[in-house]
Amino acid sequence: MRPLVVIVFAISLLLSCESQGPSAVTPVFVQKGGDVLLNVNADVPEDFYFVEWNFKITDILVRFPSGGEPLVSAGYAERFEFPEKKYSVKLKNLKEADSGVYTAKVVSLQGDQILAQYNVTVQDPVSPVELTVISVDSRSSECDLTVTCRTQDSHINSIFRCHYQTCSQEGGKQSEVTTSGASLHVYLSSSSIICNHSNKVSRTEDIEIIGHLCPLPDDPKKHGSNVNVTAVTVTILILVLIGLTSLGLFCYYRKRKNYKRESIENTVYEILQVVTTAQPLDQSPTDDASGLSPTSTYCLVGPHPGPPDPDKTRDTSVPESLYATVERPAMSLNN
């Protein structure tokens, strides 16, 4: 009899395992104080006895009898809601103690069958995070930044290096798991340093822009193009200044030349002409001293014709002479 009992027990255990079938556990993360929806998507046999939800396999939370109203265990009466979908439940106001595996199963003549399983993890929201710049080492084209990313219970340090506009993370820690199970991560994104503190249900972050901490010159290629543009601009300005200076000098000398010409034309020069009235050669000397020498000397004064103008025909007529009488003393006869 004993071998027969062992065989029957083994067959029943095998059938029980086959009836449960494979079932994947779905992970679910819920923030503390939130709600979780536990759905049943599998088909339920028509000749079942009941469907129930268990917590950690042993604790019965709610049972759905075939054709009856759901029965909720004591302590969960105010925390369950029942959506329109059959055998699905919503558990409200979760606490950390509510973390664990929730299993929905159906009990029928064929045995127990698992319909759904959820591994629920209840987490607190993460604490704020702070990003602090410890030191800055700046040179002509490079800049090194040492930063610390800190939370209430953990911190990490990291080093960032920038060459012109290209930055990279060179040393220190990039991430770690905090004592509360959250992730602390510091990284580079779009020329900004980001310190991130997160878990599956919440996240906080602090950002520092590298340009505000570590001013850098422009990229050499970009800088070279700017230099070319500047050189062209300076060259054009110099040429314009030279042109304006030359034009100014030309106008100045031309005006000065015209002024000198006008001064020469308006100047009256004295032309001295000595006109001597002498005694005729065949006249004999007399006692009159005035007849021994010229009696009058004339000085002719007239306008100077000025330099010839090539574009103007010079007037060849003799200008009217101006005479001035100059008295000469009479010569003595003894001489």
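**Disulfides and selected residues in a predicted model**

Mentor: In this predicted model, the sulfur atoms of Cys162 and Cys167 lie 2.1 Å apart, and the two residues form a disulfide.

Trainee: Why is the disulfide of Cys162 and Cys167 called right-handed?

Mentor: The torsion about its S-S bond is about 110°, so the disulfide is right-handed.

Trainee: How many disulfides does the structure hold, and what is the pairing of the bonded cysteines in sequence order?

Mentor: There are three. With the bonded cysteines of the chain numbered in sequence order, the pairing reads 1-6, 2-5, 3-4.

Trainee: How do you know that Cys149 and Cys195 are joined by a disulfide?

Mentor: Their S to S distance is 1.5 Å, which is within the 2.5 Å required, and the pair therefore counts as a disulfide. The bond links distant parts of the chain, with Cys149 in strand E11 and Cys195 in strand E16 (residues 192-198), 46 residues apart. The torsion about the S-S bond is about 70°, so this disulfide is right-handed. Cys149 and Cys195 are both buried.

Trainee: What makes Cys143 and Cys214 a disulfide, and where in the chain do the two residues lie?

Mentor: The S to S distance of 1.5 Å is within the limit of 2.5 Å, so the pair qualifies. Cys143 belongs to strand E11 (residues 142-150), whereas Cys214 is in the loop between helix H2 (210-213) and helix H3 (220-265); the pair links distant parts of the chain, 71 residues apart.

Trainee: Why is Cys143 called buried, and why does Cys214 count as buried?

Mentor: Buried means under 20% relative accessible area. Cys143 has a relative accessible area of 1% and is therefore buried. Cys214 is also at 1%, and so counts as buried.

Trainee: Is Cys251 buried, partly exposed or exposed, and what is its relative accessible area?

Mentor: The value for Cys251 is 45%. Buried requires under 20% and exposed over 50%, so Cys251 is called partly exposed.

Trainee: Why does Asp144 count as buried, and which side chains make polar contacts with the side chain of Asp144?

Mentor: Asp144, in strand E11, has 13% relative accessibility and therefore counts as buried. Its side chain makes a polar contact of 2.8 Å with the side chain of Arg161, and another of 3.5 Å with that of Arg139. Beyond four places away in sequence, Asp144 touches residues including Ser135, Asp137 and Phe160.

Trainee: Why is Val36 called buried, and which residues is Val36 in contact with?

Mentor: Val36 has a relative accessible area of 5%, so it is buried. Val36 lies in strand E2 (residues 36-38). Neighbours within four places in sequence aside, its contacts are Val28, Val30, Val89, Lys90, Leu91, Leu94 and Val120. Val36 and Asn93, 57 residues apart in sequence, are 8.6 Å apart in space, C-alpha to C-alpha.

Trainee: What is the average pLDDT of the chain, and where is the pLDDT below 50?

Mentor: The chain averages 76, and 66% of the residues score at least 70. The pLDDT is below 50 over residues 1-22, a stretch with eight contacts in the model beyond near neighbours in sequence. It is also below 50 over residues 268-296, where 44 such contacts occur.

Conventions
Residues are numbered from 1 along each chain as its sequence is written. This is a predicted model: local features need pLDDT of at least 70, side-chain atom pairs count only at pLDDT 80 or more; totals for chains, interfaces and linings use all residues. Side-chain values use heavy atoms; hydrogens and water are left out. Helices (H or I, at least four residues) and strands (E, at least two) are DSSP runs, numbered from the N terminus. Buried means under 20% relative accessible area, exposed over 50%, partly exposed in between (1.4 Å probe, protein chains only). pLDDT is the predictor's confidence in each residue, from 0 to 100. Contact means heavy atoms within 4.5 Å. A polar contact is a pair of N or O atoms within 3.5 Å; within protein, one must be able to donate a hydrogen and the other to accept it, and residues adjacent in sequence count only if both atoms are side-chain atoms.
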